[in-house]
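I opened my notebook to look up a few things in this structure. Here are my entries, in the order I made them.

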Amino acid sequence: MDWGLKNRIARIISPADNKALMLAVDHGYFLGPTEKLEDLKKTIAPLAKHCDSLMITRGALRTSVNPDYPVPVVLRVSGGTSIIGEDLSQEDITVSIKDALRLNVAAVAMSVFVGSKYEYQTIVNLGKLVSEAEEYGIPVLAVTAVGKEIGTKDARYLSLACRVAAEQGAHIVKTYYCENFEKVVKSCPVPIIIAGGKKIPEKDALKLTYDALKAGAVGVDMGRNIWQSDNPVAMIKAVHSIVHGTNNVEQAFTLYKQLSGKPNQKSNNNKPNQKSNNNKPNNKPKKRN
Ligand code: R5P
């Protein structure tokens, strides 16, 4: 592997333990001002030092992340549709490799919509992006998008989507955790990172992290379950304690509670993010994940 490519991957997946904690803040590229991510600077600043890398768009990066702070960047370079548009799967590449280089990225990322009306377009785009990015030693992270119309979050579909992405040359694949996740990991020849998905109770998100790693994922790219938590810094530290530490779910949840100043809080399985949901208007997005 080319030195530059290897070096960039090492900024995302720590060579010390072969694990990765990415903080996802790219949701605005199709969702607009997602709840708790309305003010990018305010959300990102306290969390950036606790992650290995930041999954972000170029607009958010330029406007809302201090360039003096050396957090590795996984730059989302696909887009083209919004939550109120016709079809979320009709994405294209929207950022040039030149601009990605200017932004000194550790990797570029794009979504593939396997099984959708636009699967051909997104899969071909992935192949082209890999060819272009490899010229400069930039790794590509492929995001296997899921949604109501394009496959369910099960091992059969996710194995197919991850494998298709890896066969096109993606260096890392981001997907969703599911039952029999070992099967997805086993049939994908490149490292797999899981997305957190919609907000669930903190203990459940920690369990998701633990189970995914146990099944062979190298890490998480987590967004809403961190910054939509009542205590985002406590949550990212708890996730970190699983990804890069030895904590199990109970230990990580205890840490979360301690850091939140609520050591006696019980896990609240049926009421995800109740407080913040009640405080904000409900801008329910069209379903994608
Ligand atoms: C989704 O649009 C992005 O690819 C996110 O980076 C990804 O879904 C991870 O964020 P979350 O943990 O909120 O699902």
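**Entry 1: glutamate 202 and serine 229**

I looked up the side chain of glutamate 202 and found a polar contact with the side chain of serine 229, at 2.8 Å. The model I am reading is predicted. Next I asked where glutamate 202 sits. Glutamate 202 belongs to helix 9, which covers residues 202-214. Is glutamate 202 buried or exposed? I read a relative accessibility of 12% for glutamate 202, so I noted this residue as buried. The cut-off for buried is under 20%.

**Entry 2: glutamate 132**

Helix 6, residues 119-135, holds glutamate 132. Its relative accessibility is 39%, so I wrote down glutamate 132 as partly exposed. How far apart are the C-alpha atoms of glutamate 132 and serine 229? I got 38 Å between these two C-alpha atoms. Along the chain, glutamate 132 and serine 229 are 97 residues apart.

**Entry 3: the ligand**

I turned to the ligand. How many residues surround the ligand? I listed 17, and the closest are Asp26, His27, Lys174, Gly197 and Arg224. By class, I sorted this shell into seven nonpolar, four polar and six charged residues.

Then I looked up single distances. Aspartate 26 has a side-chain N or O atom 2.6 Å from an oxygen atom of the ligand. For histidine 27, a polar side-chain atom lies 2.7 Å from a ligand oxygen atom. Glycine 196 uses its backbone: an N or O atom there is 2.9 Å from an oxygen atom of the ligand. How much of the ligand does the protein bury? Taken alone, the ligand exposes 360 Å², and the protein buries 99% of that. I also checked which elements give two or more residues to the shell. They are helix 2 (28-31) and strand 10 (219-222).

**Entry 4: aromatic pairs**

I searched the whole structure for aromatic pairs and found three. One of them joins tyrosine 177 and phenylalanine 181. Their ring centres are 5.2 Å apart, the planes are at 50°, and the pair is tilted. Tyrosine 177 has a relative accessible area of 26%, so I marked this residue as partly exposed. Phenylalanine 181 comes out at 0%, so I marked this one as buried.

Phenylalanine 253 and tyrosine 256 form another pair, a stacked one. I noted 6.1 Å centre to centre and 15° between the planes. Why are phenylalanine 253 and tyrosine 256 separated by about one helical turn? Because they are three residues apart in helix 12, residues 249-260. Phenylalanine 253 is buried, at 3% relative accessibility. Tyrosine 256 is buried too, at 2%.

**Entry 5: cysteines**

How many are in the whole structure? My search found zero. I looked up cysteine 178, which is in no disulfide. The nearest cysteine sulfur belongs to cysteine 162, 8.5 Å away. Cysteine 178 has a relative accessible area of 5%, so I wrote it down as buried. Cysteine 51 is also buried, with 10% relative accessibility.

Note on methods
Residues are numbered from 1 along each chain as its sequence is written. This is a predicted model: local features need pLDDT of at least 70, side-chain atom pairs count only at pLDDT 80 or more; totals for chains, interfaces and linings use all residues. Side-chain values use heavy atoms; hydrogens and water are left out. A residue is near a molecule or strand if one of its heavy atoms lies within 4 Å of it. A polar contact is a pair of N or O atoms within 3.5 Å; within protein, one must be able to donate a hydrogen and the other to accept it, and residues adjacent in sequence count only if both atoms are side-chain atoms. Accessible areas come from the Shrake-Rupley method with a 1.4 Å probe; for residues, only the protein chains shown count as cover. Helices (H or I, at least four residues) and strands (E, at least two) are DSSP runs, numbered from the N terminus. Ala, Val, Leu, Ile, Met, Phe, Trp, Tyr, Cys and Pro count as nonpolar, Asp, Glu, Lys and Arg as charged, and the others, Gly among them, as polar. Buried means under 20% relative accessible area, exposed over 50%, partly exposed in between (1.4 Å probe, protein chains only). Rings of Phe, Tyr and Trp (its six-membered ring) pair if their centres lie within 6.5 Å; planes under 30 degrees apart count as stacked, over 60 as edge-to-face and the rest as tilted. A disulfide is a pair of cysteine sulfur atoms within 2.5 Å.
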